[in-house]
Structure formats: C-alpha cells, structure tokens
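Please read it alongside the sequence and the coordinates.

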Amino acid sequence: MSSVENVLYFQAGFGVLANVFLLLFYIFIILGHRPKPMDLISCQLTLVHIIMFLTGGNIWLADIFGFLNIENDIKCKATFYTSRVMRGLSICITCLLSVFQAVTISPSTSMLAKFKQKLKKYMNNALFYIWFFNLSVCSNMLFFVGGFTNVSETKQVKVTKSCSLFPMNYIIRELIVILSTSRDVFLVAVMLTSSAYMVNILHRHQRQYKHLHSIKSLRTSPEKKATQTILLLVVFFVVMYWVDFIISFTSLLLWMYDPVVLTVQKFLIYAYPTITPLVQISSDKRIINVLKNLQSKCH
C-alpha cells in the first residue's frame, strides 16, 4: 500500500468516525429531545457523507465486495452507482440546508416568512423528492460502468483499479454531461443566492440593532452562529465541488483518467464530508455541552 493510499485511508477513517459521532447525536436529538428544524437535514447529510466514504474512491465497500468474492462487474456497478447518488445527494441537501436556513432567519416582513410555519412539512417533502430524483437520474450509470478488462481493445476508461466506463455514443455522453452540469449549476446558483441573502440579512440586523444590543450578545446569537456555519460550509463546498467537477468534466470529454489526477479527485471527494462534521460539532453548543459533561465525568 502506497503512502498516498495511506493518506486516503486515514482521511476516510477520520471522516467516518466524525460523521458517525454526529449521526448518533442527531438520532439521539431527533428521537429523544426537541430537534431544531435543521437537525433532520443535517442528519441526512451526515448519513450521505458516511456512505460517500464507503463508496467514493473505491476504498472500503469495494474491499468488502472483494472479500465476499462478489463478481467484479456487480461490485463496480454497485459502488459507482452508489457513489454518484451520494454525490448528487450531497449537493442537493447542502443546497436545501442553505435555503431553509435563509427562510428561518428571514424577517417577518419578507416574502419567505409565510413558509416558516410549514417548514417541517416542506422539509420532509423536499427530502423525499431529492432522494427519489437522485436515485432515478443516476441509474443510467448502471449501463455504462463495469469491470475493467482491456483498455487498448475496448476503449474503456479506467476510473478505479478494477472499474471502467464503457464506450458510449457521443450524443448520449454529451447529453449526460449537459444534464449533470445544468443540475449542478442550478443548485450552486441557488446556494450562492441564499447565502448572499443571509449575508445581507445579517448585515442589516447588525446595523439595525448595534445600538440596542452589545456586540458580545450579537456574536453569540444562535441564529447568527448557525447561519455563519452554513455559509462556511456552502463556500467550502462550492470550491471543492467545482474543482472536482472540472476534473470529472475534463476527463469525460477527453475520455481519459490520469492516475495522479484520479488520486487528487479522491482526496477532493473526501474533503467536504471530512470538514463538515468538524465545523458542525465545533459550532453546535449542544454537542459542546455533551462533550464537556463527558469530560467532567471522566475526571
């Protein structure tokens, strides 16, 4: 095992542990306490990231399939399809998180204020349609990926150690690229729009109440802290996502995957799901209080 693979395994292991801890916390909160409106979305995003670690980059799930002696073609289709679904869910749920936070902090005079009362109903419906949409849209990949054989003879593109993309009609390839690009551009545009809206609200709020509240109380506002956390996640996601997208887009158009580029892409796939739980844990006072209580009991 190379040192680069060791880094990827360490990154994946650390990310899984952080996300599992966060997932257990959200399950505990949702089942036993009064959850915040964003907890259900964050819980699903955390679950998606755990599955991304198990499938993205062909690290763990592929090893499990290999241990069980499952046919390589089935292994490739399962891991590649699942990783693409999780990638789509990650961008969709992150977008949903930013939109719902924008609705949550919108002033009572805003057009978005009327959605606050039905936020939970809209949230459940939105999550259902997001899962259904991504499971359906990514199903086309089942026909174009499989076990790697011989690149020189079949013009397959090797995307992992044992998986490759099969040759496809030029029109079909362009159609897939256009549809996926359109979806990504739309969702990123929505995220950036909602983020700009939240920044504007925070700026107006700070300017309007700076004479009525102390700076300290303003900085510790739960709404402001939650909004800043989501803004940080959105900015980091957009940067990592578009670097990953450019690599995938270029490789698909050129119909080739360089091993070094593929390794960089694997690292980028894990970057966002690794950072997200750390940001959420450090910014959620409930989690910090739980950790402090555990620390005091240990001593």
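Does Tyr241 count as buried or exposed? At 5% relative accessibility, Tyr241 counts as buried; buried means under 20% relative accessible area, exposed over 50% and partly exposed in between, with a 1.4 Å probe and protein chains only.

1. Basis of the note. This is a predicted model, in which local features need pLDDT of at least 70 and side-chain atom pairs count only at pLDDT 80 or more, while totals for chains, interfaces and linings use all residues. Residues are numbered from 1 along each chain as its sequence is written, and side-chain values use heavy atoms, with hydrogens and water left out.

2. Aromatic cluster. Ring pairs link Phe237, Tyr241, Trp242 and Tyr272 into a cluster. Rings of Phe, Tyr and Trp (its six-membered ring) pair if their centres lie within 6.5 Å; planes under 30 degrees apart count as stacked, over 60 as edge-to-face and the rest as tilted. By this rule the count comes to seven aromatic pairs. Phe237 and Tyr241 are stacked, because their ring centres are 5.1 Å apart and their planes stand at 25 degrees. Phe237 is itself buried, at 4% relative accessibility. Its ring and that of Tyr272 have centres 4.7 Å apart and planes at 70 degrees, so this pair is edge-to-face. Phe237 lies in helix H9 and Tyr272 in helix H10, so the pair ties together parts that are 35 residues apart in sequence. Helices here are DSSP runs (H or I, at least four residues), as strands are (E, at least two), numbered from the N terminus.

3. Nonpolar cores. A nonpolar core is a set of buried Ala, Val, Leu, Ile, Met, Phe, Trp, Tyr and Cys residues joined through side-chain atoms within 4.5 Å. The largest has 40 residues, and Ile41 and Ile91 have the most contacts inside it. Helix H4 gives the most to this core, with 14 residues. Leaving aside neighbours within four places in sequence, Ile91 is in contact (heavy atoms within 4.5 Å) with residues including Asp184, Met191, Phe237 and Tyr241.

4. Helix H5. This helix spans residues 119-137. Its buried residues are Leu119, Met123, Ala126, Leu127, Ile130 and Asn134. They lie on the same side of H5, because they cover an arc of only 100 degrees around the axis, the arc being that of the directions from the helix axis to the C-beta atoms. On the other side, Lys121, Phe128, Tyr129 and Phe132 are exposed.

5. Ser194. This residue is found in helix H7 and is buried, with a relative accessible area of 8%.

Terms used:
The expected span of a helix is 1.5 Å times one less than its number of residues.
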